[in-house]
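Please look at the sequence and the structure shown below, and keep both in view while reading this report.

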Amino acid sequence: TSHLLYLEESIGYEVRTYANVERGWWLTIDWSRTKQLLESNICAKLQGRISLNLTNYRSNNKREPESRFWISLDKKDIFSISKLKWLREWKEVREELISNHDENANIDVYDQAEQILKNRGFYYLGDVENSLRDYLSIPFDQALQSSNMIIKGLTMIDRRLGKRRLINITLPPEEFDFVTMMYKIRCESEGIEPHNHNINKD
């Protein structure tokens, strides 16, 4: 709790205002139903081992609610995104952009900083929610080829990705760490040796 309070204080009023007005603090999906749908898509070898979680909570000392999305394997966290941590990183990137540009230059440092974080695989919680919705609504082949880290990562553990097709999948060195991690977890569960090159586009 003290760590989260420090994070909130460190991001400052301007960043909290940006989060409230531009991005929104509260969850916008029915998580209980969404979790059920997401986990029903997990392959047989990982059913009951992988858990997807999304929550909002507020401590007595915090002015804003914290949100967190995390994935656990065998009850151990393997991936986590926190809203306040994202905002701290966003603030640092934004300040760096401002310091490196002419003050008269017409750049949108807010959106640019957000895109830089996304390119690094650091998604805002609202983007995570949107990604989960899209994953459940788009065709599987489209999800498998998605440039969205969350969507593509989840396809790696999806029951619709058969073992024969999984064998033909390889990943490029520049792939998001999250996608690579989920791919390796799936391969290990199926007893398949992971590849490390380019994902099959067939």
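Is Arg49 buried, partly exposed or exposed? In this model, which is predicted, Arg49 has a relative accessible area of 32% and is therefore partly exposed. Its side chain forms a salt bridge with Asp74, in which the closest N and O atoms are 2.8 Å apart. Because Arg49 lies in the loop between helix H2 (31-40) and strand E1 (50-57), while Asp74 lies in the loop between strand E2 (66-73) and strand E3 (76-82), the pair ties together parts that are 25 residues apart in sequence. Asp74, with a relative accessibility of 45%, also counts as partly exposed.

## Other salt bridges

A search of the whole structure finds 9 salt bridges, and one of the others joins Asp158 to Arg160, with 2.7 Å between the closest N and O atoms. In this pair Asp158 is buried, at a relative accessible area of 0%, whereas Arg160 is partly exposed, at 35%.

A further salt bridge, at 3.1 Å from N to O, is the one in which the side chains of Glu190 and Arg186 meet. Both residues belong to helix H9 (residues 177-190), where they are 4 residues apart, or about one turn of the helix. An α-helix has 3.6 residues a turn, so residues three or four places apart point the same way. Arg186 counts as buried at 3% relative accessibility, and Glu190 is buried too, with a relative accessible area of 13%. Together with Lys45, Arg186 and Glu190 are linked in a network of salt bridges.

## The buried face of helix H4

Which residues of helix H4 are buried? Within this helix, which covers residues 109-119, the buried residues are Val109, Ala113, Glu114 and Leu117. When the helix is seen down its axis, these buried residues fall within an arc of 135°, and so they line one face of H4.

## Gly121, after the helix

H4 is followed by Gly121, a residue whose phi is positive, near 85°. Gly121 is placed in the loop between H4 and helix H5 (125-137), and with a relative accessibility of 15% this residue counts as buried, because the cut-off for buried is under 20%.

What is Gly121 in contact with, leaving aside its neighbours within four places in sequence? The contacts of Gly121 beyond those neighbours are with Met149 and Phe176. Although Gly121 and Phe176 are 55 residues apart along the chain, a separation of 6.4 Å lies between their C-alpha atoms.

How values were computed
Residues are numbered from 1 along each chain as its sequence is written. This is a predicted model: local features need pLDDT of at least 70, side-chain atom pairs count only at pLDDT 80 or more; totals for chains, interfaces and linings use all residues. Side-chain values use heavy atoms; hydrogens and water are left out. Buried means under 20% relative accessible area, exposed over 50%, partly exposed in between (1.4 Å probe, protein chains only). Helices (H or I, at least four residues) and strands (E, at least two) are DSSP runs, numbered from the N terminus. The arc is that of the directions from the helix axis to the C-beta atoms. Contact means heavy atoms within 4.5 Å. A salt bridge is a side-chain nitrogen of Lys or Arg within 4 Å of a carboxyl oxygen of Asp or Glu.
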